[in-house]
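Please find below a colleague's note on the model under review.

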Amino acid sequence: MSDSTATTPVTPKEDSSKRARGLDRAFEILDFLRNKREPLKPNEIAAQIGAPRSSVYELVNLLLRNGILEFTGGDGRVFLGRKLYFLGAAYEDHFDFMRACDAALERIAEQTRETAQYCVLDGNKYTVARMKEGVRPFRISSDVGHSVPIPWTASGRLLVAHLSDEEITSFIPAADFQMPNGSWLDPAEFIAQVREADRTGQFTFNSTVDNFTHCFAVPMRDAQGITTATLCLVAPRDDGLKNHAFYLQCLKDAARALSGKH
(Lines give C-alpha, C1' and ligand atoms only; values in the text may rest on other atoms or scores of the structure.)
Protein backbone atom coordinates (compact mmCIF):
# COMPACT_ATOMS: atom_id res chain seq x y z
CA MET A 1 0.00 0.00 0.00
CA SER A 2 1.28 3.43 -0.85
CA ASP A 3 2.15 5.92 1.88
CA SER A 4 -0.86 8.24 2.25
CA THR A 5 1.39 11.05 3.44
CA ALA A 6 3.55 11.07 0.32
CA THR A 7 3.49 14.30 -1.64
CA THR A 8 2.55 14.39 -5.29
CA PRO A 9 5.67 15.04 -7.35
CA VAL A 10 5.83 18.33 -9.22
CA THR A 11 5.79 17.84 -12.97
CA PRO A 12 8.25 19.71 -15.22
CA LYS A 13 5.32 21.63 -16.70
CA GLU A 14 4.13 22.75 -13.24
CA ASP A 15 7.66 23.69 -12.23
CA SER A 16 8.09 25.73 -15.41
CA SER A 17 4.79 27.50 -14.79
CA LYS A 18 5.83 28.34 -11.23
CA ARG A 19 9.13 29.75 -12.43
CA ALA A 20 7.32 31.87 -15.04
CA ARG A 21 4.99 33.27 -12.37
CA GLY A 22 7.99 34.06 -10.18
CA LEU A 23 9.71 35.83 -13.05
CA ASP A 24 6.57 37.84 -13.77
CA ARG A 25 6.39 38.81 -10.08
CA ALA A 26 10.06 39.82 -10.03
CA PHE A 27 9.52 42.15 -12.99
CA GLU A 28 6.41 43.51 -11.27
CA ILE A 29 8.55 44.39 -8.23
CA LEU A 30 11.15 46.12 -10.39
CA ASP A 31 8.53 48.10 -12.32
CA PHE A 32 6.80 49.05 -9.08
CA LEU A 33 10.01 50.44 -7.57
CA ARG A 34 10.82 52.25 -10.81
CA ASN A 35 7.47 54.01 -10.72
CA LYS A 36 7.56 54.73 -6.96
CA ARG A 37 11.08 56.21 -7.22
CA GLU A 38 11.83 55.55 -3.56
CA PRO A 39 13.23 52.70 -1.44
CA LEU A 40 10.63 50.53 0.29
CA LYS A 41 10.55 47.60 2.67
CA PRO A 42 9.59 44.21 1.20
CA ASN A 43 6.39 44.09 3.26
CA GLU A 44 5.42 47.55 1.90
CA ILE A 45 6.02 46.33 -1.64
CA ALA A 46 3.92 43.22 -1.00
CA ALA A 47 1.03 45.25 0.41
CA GLN A 48 1.02 47.78 -2.42
CA ILE A 49 1.22 45.27 -5.30
CA GLY A 50 -1.18 42.85 -3.61
CA ALA A 51 1.25 39.93 -3.48
CA PRO A 52 1.95 37.34 -0.75
CA ARG A 53 4.64 38.61 1.59
CA SER A 54 6.45 35.28 1.58
CA SER A 55 6.91 35.27 -2.20
CA VAL A 56 7.95 38.95 -2.25
CA TYR A 57 10.56 38.37 0.48
CA GLU A 58 11.90 35.36 -1.41
CA LEU A 59 12.17 37.28 -4.68
CA VAL A 60 13.64 40.38 -3.05
CA ASN A 61 16.38 38.24 -1.46
CA LEU A 62 17.10 36.64 -4.84
CA LEU A 63 17.31 40.04 -6.54
CA LEU A 64 19.54 41.35 -3.75
CA ARG A 65 21.94 38.42 -4.13
CA ASN A 66 22.25 39.18 -7.84
CA GLY A 67 22.70 42.94 -7.48
CA ILE A 68 19.42 43.75 -9.20
CA LEU A 69 18.19 45.32 -5.95
CA GLU A 70 20.25 46.98 -3.21
CA PHE A 71 19.61 47.98 0.40
CA THR A 72 19.07 51.76 0.45
CA GLY A 73 17.94 54.20 3.11
CA GLY A 74 18.13 51.91 6.14
CA ASP A 75 15.42 49.89 7.91
CA GLY A 76 15.70 47.09 5.35
CA ARG A 77 14.48 49.28 2.48
CA VAL A 78 15.46 48.23 -1.02
CA PHE A 79 15.70 49.96 -4.37
CA LEU A 80 16.93 49.27 -7.90
CA GLY A 81 20.54 48.06 -7.94
CA ARG A 82 23.54 49.29 -9.87
CA LYS A 83 23.66 46.13 -11.98
CA LEU A 84 20.61 47.48 -13.80
CA TYR A 85 22.68 50.49 -14.82
CA PHE A 86 25.35 48.26 -16.33
CA LEU A 87 22.74 46.19 -18.13
CA GLY A 88 21.25 49.37 -19.56
CA ALA A 89 24.69 50.63 -20.59
CA ALA A 90 25.37 47.35 -22.40
CA TYR A 91 22.05 47.70 -24.22
CA GLU A 92 22.92 51.21 -25.35
CA ASP A 93 26.39 50.17 -26.52
CA HIS A 94 24.82 47.48 -28.69
CA PHE A 95 22.48 49.87 -30.50
CA ASP A 96 23.87 52.80 -32.49
CA PHE A 97 20.32 54.14 -32.70
CA MET A 98 20.45 55.46 -29.15
CA ARG A 99 23.46 57.62 -29.97
CA ALA A 100 21.76 58.82 -33.16
CA CYS A 101 18.60 59.54 -31.16
CA ASP A 102 20.50 61.57 -28.55
CA ALA A 103 22.16 63.59 -31.32
CA ALA A 104 18.77 64.24 -32.94
CA LEU A 105 17.23 65.38 -29.64
CA GLU A 106 20.17 67.71 -29.01
CA ARG A 107 19.77 69.17 -32.49
CA ILE A 108 16.02 69.74 -31.96
CA ALA A 109 16.66 71.38 -28.59
CA GLU A 110 19.28 73.68 -30.13
CA GLN A 111 17.00 74.65 -33.03
CA THR A 112 13.94 75.34 -30.89
CA ARG A 113 15.39 76.05 -27.41
CA GLU A 114 12.63 73.73 -26.14
CA THR A 115 12.74 70.34 -24.41
CA ALA A 116 12.94 67.45 -26.91
CA GLN A 117 11.94 63.89 -26.05
CA TYR A 118 11.92 60.37 -27.48
CA CYS A 119 8.80 58.61 -26.20
CA VAL A 120 7.49 55.03 -26.23
CA LEU A 121 4.84 52.83 -24.69
CA ASP A 122 5.61 51.10 -21.41
CA GLY A 123 2.95 48.41 -21.22
CA ASN A 124 -0.32 50.32 -21.38
CA LYS A 125 1.28 53.61 -20.30
CA TYR A 126 3.39 56.29 -21.97
CA THR A 127 6.94 57.06 -20.92
CA VAL A 128 9.80 59.34 -21.93
CA ALA A 129 12.75 57.13 -22.88
CA ARG A 130 15.27 59.85 -23.82
CA MET A 131 15.28 63.60 -23.30
CA LYS A 132 17.29 66.74 -23.99
CA GLU A 133 16.19 69.78 -22.01
CA GLY A 134 15.92 73.16 -23.65
CA VAL A 135 17.98 76.19 -22.70
CA ARG A 136 15.19 78.10 -21.00
CA PRO A 137 15.84 79.25 -17.42
CA PHE A 138 12.95 77.14 -16.10
CA ARG A 139 12.42 73.40 -16.58
CA ILE A 140 9.61 72.08 -18.77
CA SER A 141 9.90 68.31 -19.02
CA SER A 142 8.76 64.93 -17.77
CA ASP A 143 10.99 62.56 -15.85
CA VAL A 144 12.62 59.89 -17.99
CA GLY A 145 11.08 56.50 -17.29
CA HIS A 146 8.03 57.83 -15.45
CA SER A 147 4.82 56.14 -16.63
CA VAL A 148 1.90 58.41 -17.57
CA PRO A 149 -1.64 57.55 -18.79
CA ILE A 150 -1.71 57.48 -22.60
CA PRO A 151 -4.68 59.89 -23.04
CA TRP A 152 -2.78 62.61 -21.15
CA THR A 153 -0.15 62.87 -23.89
CA ALA A 154 0.19 64.07 -27.47
CA SER A 155 2.30 61.00 -28.27
CA GLY A 156 -0.41 58.69 -27.00
CA ARG A 157 -2.62 59.53 -30.00
CA LEU A 158 0.10 58.20 -32.32
CA LEU A 159 1.40 55.26 -30.29
CA VAL A 160 -1.95 53.40 -30.31
CA ALA A 161 -2.93 54.27 -33.89
CA HIS A 162 -2.24 50.72 -35.14
CA LEU A 163 -4.96 49.32 -32.86
CA SER A 164 -8.64 49.02 -33.72
CA ASP A 165 -11.19 51.12 -31.82
CA GLU A 166 -12.12 48.13 -29.67
CA GLU A 167 -8.47 47.28 -29.00
CA ILE A 168 -7.77 50.85 -27.90
CA THR A 169 -10.57 50.88 -25.33
CA SER A 170 -9.52 47.44 -24.07
CA PHE A 171 -5.84 48.39 -23.94
CA ILE A 172 -6.16 51.68 -22.05
CA PRO A 173 -7.52 51.37 -18.48
CA ALA A 174 -10.85 53.17 -18.13
CA ALA A 175 -9.50 55.24 -15.23
CA ASP A 176 -6.79 56.70 -17.49
CA PHE A 177 -9.39 58.71 -19.39
CA GLN A 178 -9.72 60.94 -16.33
CA MET A 179 -7.54 63.97 -16.95
CA PRO A 180 -5.23 65.52 -14.33
CA ASN A 181 -7.76 68.28 -13.64
CA GLY A 182 -10.43 65.68 -12.81
CA SER A 183 -12.41 65.98 -16.06
CA TRP A 184 -13.09 62.94 -18.23
CA LEU A 185 -12.10 62.52 -21.87
CA ASP A 186 -14.70 60.66 -23.90
CA PRO A 187 -12.99 57.54 -25.37
CA ALA A 188 -14.80 58.20 -28.67
CA GLU A 189 -13.26 61.69 -28.83
CA PHE A 190 -9.85 60.25 -28.03
CA ILE A 191 -10.18 57.63 -30.79
CA ALA A 192 -11.19 60.34 -33.28
CA GLN A 193 -8.04 62.23 -32.34
CA VAL A 194 -6.00 59.04 -32.79
CA ARG A 195 -7.31 58.56 -36.34
CA GLU A 196 -6.66 62.19 -37.27
CA ALA A 197 -3.15 62.07 -35.80
CA ASP A 198 -2.37 58.91 -37.75
CA ARG A 199 -3.69 60.48 -40.98
CA THR A 200 -1.71 63.72 -40.62
CA GLY A 201 1.40 62.25 -39.01
CA GLN A 202 1.36 64.68 -36.09
CA PHE A 203 -0.51 65.70 -32.98
CA THR A 204 -0.24 68.87 -30.91
CA PHE A 205 -2.32 70.19 -28.07
CA ASN A 206 -2.29 72.32 -24.96
CA SER A 207 -1.03 70.05 -22.20
CA THR A 208 -3.58 68.42 -19.93
CA VAL A 209 -0.95 68.04 -17.20
CA ASP A 210 -0.46 71.78 -16.67
CA ASN A 211 -1.89 75.07 -17.89
CA PHE A 212 1.13 76.66 -19.56
CA THR A 213 2.67 74.20 -22.06
CA HIS A 214 1.94 73.11 -25.61
CA CYS A 215 3.00 69.59 -26.65
CA PHE A 216 4.05 68.35 -30.09
CA ALA A 217 4.50 64.75 -31.29
CA VAL A 218 5.40 63.11 -34.61
CA PRO A 219 5.66 59.36 -35.28
CA MET A 220 8.64 57.07 -35.68
CA ARG A 221 7.30 54.20 -37.81
CA ASP A 222 8.71 50.74 -38.46
CA ALA A 223 8.83 48.91 -41.81
CA GLN A 224 5.17 47.93 -41.43
CA GLY A 225 4.12 51.54 -40.87
CA ILE A 226 3.37 51.03 -37.16
CA THR A 227 4.33 53.86 -34.83
CA THR A 228 6.79 52.37 -32.36
CA ALA A 229 7.99 55.65 -30.85
CA THR A 230 7.55 59.40 -31.16
CA LEU A 231 9.69 62.50 -31.17
CA CYS A 232 8.16 65.16 -28.96
CA LEU A 233 8.59 68.78 -28.01
CA VAL A 234 7.34 70.52 -24.87
CA ALA A 235 7.17 74.31 -25.12
CA PRO A 236 5.63 77.25 -23.25
CA ARG A 237 2.12 77.62 -24.65
CA ASP A 238 2.57 81.06 -26.23
CA ASP A 239 5.87 80.12 -27.90
CA GLY A 240 4.50 76.79 -29.03
CA LEU A 241 1.57 78.41 -30.78
CA LYS A 242 3.69 81.22 -32.27
CA ASN A 243 6.31 78.78 -33.66
CA HIS A 244 3.91 75.92 -34.35
CA ALA A 245 4.89 75.19 -37.96
CA PHE A 246 8.63 75.57 -37.34
CA TYR A 247 8.62 73.27 -34.30
CA LEU A 248 6.69 70.59 -36.17
CA GLN A 249 9.08 70.80 -39.11
CA CYS A 250 12.10 70.35 -36.82
CA LEU A 251 10.53 67.20 -35.37
CA LYS A 252 9.58 65.81 -38.77
CA ASP A 253 13.05 66.42 -40.20
CA ALA A 254 14.62 64.59 -37.26
CA ALA A 255 12.14 61.70 -37.51
CA ARG A 256 12.88 61.37 -41.23
CA ALA A 257 16.63 61.30 -40.57
CA LEU A 258 16.21 58.60 -37.92
CA SER A 259 13.79 56.46 -39.95
CA GLY A 260 15.05 52.95 -40.60
CA LYS A 261 17.55 53.12 -37.71
CA HIS A 262 15.25 52.25 -34.81
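1. Basis of the note. The model is predicted, so local features need pLDDT of at least 70 and side-chain atom pairs count only at pLDDT 80 or more, while totals for chains, interfaces and linings use all residues. Residues are numbered from 1 along each chain as its sequence is written, and side-chain values use heavy atoms, with hydrogens and water left out.

2. Salt bridges. Eleven salt bridges are present in the structure, the term denoting a side-chain nitrogen of Lys or Arg within 4 Å of a carboxyl oxygen of Asp or Glu.

3. A pair within one helix. Arginine 25 and glutamate 28 form a salt bridge whose closest N and O atoms are 2.8 Å apart. The two residues are three residues apart in helix α1 (residues 12-36), a separation of about one helical turn. Helices here are DSSP runs (H or I, at least four residues), as are strands (E, at least two), numbered from the N terminus. Arginine 25 is partly exposed at a relative accessible area of 23%, and glutamate 28 is partly exposed at 31%; buried means under 20%, exposed over 50%, and partly exposed in between (1.4 Å probe, protein chains only).

4. A loop-to-strand pair. Aspartate 176 meets lysine 125 in a salt bridge, with 2.6 Å between the closest N and O atoms. Aspartate 176 sits in the loop between α7 (165-171) and α8 (187-200) and lysine 125 in strand β4 (residues 125-132), so the pair ties together parts 51 residues apart in sequence. Aspartate 176 is buried, at 7% relative accessibility, whereas lysine 125 is partly exposed, at 22%.

5. A helix-to-helix pair. Aspartate 165 and arginine 195 are joined by a salt bridge (2.8 Å, N to O). Because aspartate 165 lies in helix α7 and arginine 195 in helix α8, this pair links parts that are 30 residues apart in sequence. Aspartate 165 is partly exposed at 35% relative accessibility, and arginine 195 is partly exposed at 29%.

6. Nonpolar cores. The largest nonpolar core has 25 residues, and Tyr126, Val160, Ile168 and Phe190 have the most contacts inside it. A core is a set of buried Ala, Val, Leu, Ile, Met, Phe, Trp, Tyr and Cys residues joined through side-chain atoms within 4.5 Å. At least two residues of this core come from each of β4, α6 (154-159), α8, β6 (203-206) and β7 (213-221), with α8 giving the most, four residues. A second, separate core of 22 residues includes Phe97, Ala229, Leu231 and Leu248.
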